[in-house]
Amino acid sequence: MSSFVNDNTNNMHHLNIETACQQSSSKQDYIISGKTEKYGWILVLDGHGQNIVLDHLKSLNWPEIIEKEDLETIIFEGIQHLGNTENSGSTLSIVKIYSDHIECCWVGDSTIKIYCENNLVYTMQNHDQHHVKEMQKIERMKIEKKTSWSPQVLSQTDISMNLSYYFNFGPKDVLNMTHSLGHNNITGRYFEKQMLTMDPNKKYKVIVATDGLWDMYYSEDDNLFCKPEISASNILDLAKTRWKQEWNYQGSITRFPDGNEDDIAVGTCVV
């Protein structure tokens, strides 16, 4: 396993951005951050299937193209030019932090959360079974749903399993999300976007991370995550510990088998 931490303490508007990444056997998480004259930014990818799409996205000059007005077109056309991307895809989440607002755009389920004065004020709506418009798309496309289960942390010691779905977009494109980059663009060509206006008299913190974190998260964690002094590496360490710890599951002690822990990528920004 490998990990890295990138601490940018001199970002514009007193932004303090940190990123951390812990790779498991799949090595399919990626995170990068930077700043322009107008904003700081964090980008997260979580690849799945073959690495054709992920490797392409990782190869891009993000500090340059992040400022392009046609960023969405650049991403989708670049993937299309790869040719056949069956069984190859990735999530993508980008957050841009300006002096007076925060912009989020995403494909998939690498969640963004925003805290204001230690309170959770925004959670990105993942492209999954809980997204009303996405599920309407699934119905229109007549996509078959397959029942599955995902871990749901209930407390620091208790865990359960949450009903979820796989979506059968094709023989080699069965996804645990309703929208993804790659897969020959079969899920669509669009980013979802959201903007949050900031109060200049209040403090904010942004977290963007892959599901390697959020699968080990429960609501009480917000009391910790919201604190300015809790860094990306602190949050990563918490998730890493939970993937390896013992859990109480319906009265029995259990744990995830060695090697079943997910990659974890976390970015934080305090402003």
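**Exercise 1: A sheet of strands**

Asn 168 has Val 174 in E11 as its bridge partner. This is a predicted model, in which local features need pLDDT of at least 70, side-chain atom pairs count only at pLDDT 80 or more, and totals for chains, interfaces and linings use all residues. Residues are numbered from 1 along each chain as its sequence is written, and side-chain values use heavy atoms, with hydrogens and water left out.

Task: Determine the order of the strands in the open sheet and state which strands stand at the edges.

Solution. 

Step 1. Helices (H or I, at least four residues) and strands (E, at least two) are DSSP runs, numbered from the N terminus. Two strands pair if DSSP finds at least two bridges between them.

Step 2. Examine E9 and E10. These strands pair in the antiparallel sense over 10 bridges. Lys 145 stands opposite Phe 167 in E10, and Gln 152 stands opposite Ser 160 in E10. A hairpin of 5 residues joins E9 to E10.

Step 3. Examine E10 and E11. Strand E10 (residues 159–168) is joined to E11 by 2 bridges, and the two run antiparallel. Phe 167 stands opposite Leu 175 in E11. Here too a hairpin is formed, with 5 residues between E10 and E11.

Step 4. The open sheet of 3 strands has the order E9-E10-E11, with antiparallel pairing. E9 and strand E11 (174–175) stand at the edges with a single partner strand each, so one side of each is left without a neighbour in the sheet.

**Exercise 2: Salt bridges**

Task: State how many salt bridges a search of the whole structure finds, and describe three of them.

Solution. 

Step 1. Count. A salt bridge is a side-chain nitrogen of Lys or Arg within 4 Å of a carboxyl oxygen of Asp or Glu. The search finds 5 salt bridges.

Step 2. Consider Glu 72 and Lys 193. Their closest N and O atoms are 3.3 Å apart. Glu 72 lies in helix H3 (residues 71–80) and Lys 193 in strand E13 (residues 192–197), so the pair ties together parts that are 121 residues apart in sequence. Glu 72 is partly exposed at 22%, whereas Lys 193 is exposed at 54%.

Step 3. Consider Asp 221 and Arg 242. The closest N and O atoms of this salt bridge are 2.7 Å apart. Asp 221 is in the loop between helix H5 (211–214) and helix H6 (222–225), and Arg 242 is in helix H7 (residues 232–244), 21 residues apart. Asp 221 counts as buried at 4% relative accessibility, and Arg 242 counts as buried at 6%.

Step 4. Consider Asp 237 and Lys 240. In this salt bridge the closest N and O atoms are 3.7 Å apart. The two residues are 3 residues apart in helix H7, so about one helical turn separates them. Asp 237 is partly exposed, with a relative accessible area of 36%, and Lys 240 is partly exposed, with 29%.

Definitions and conventions. Buried < 20%, exposed > 50% of the residue type's maximum accessible area, 1.4 Å probe, protein only.
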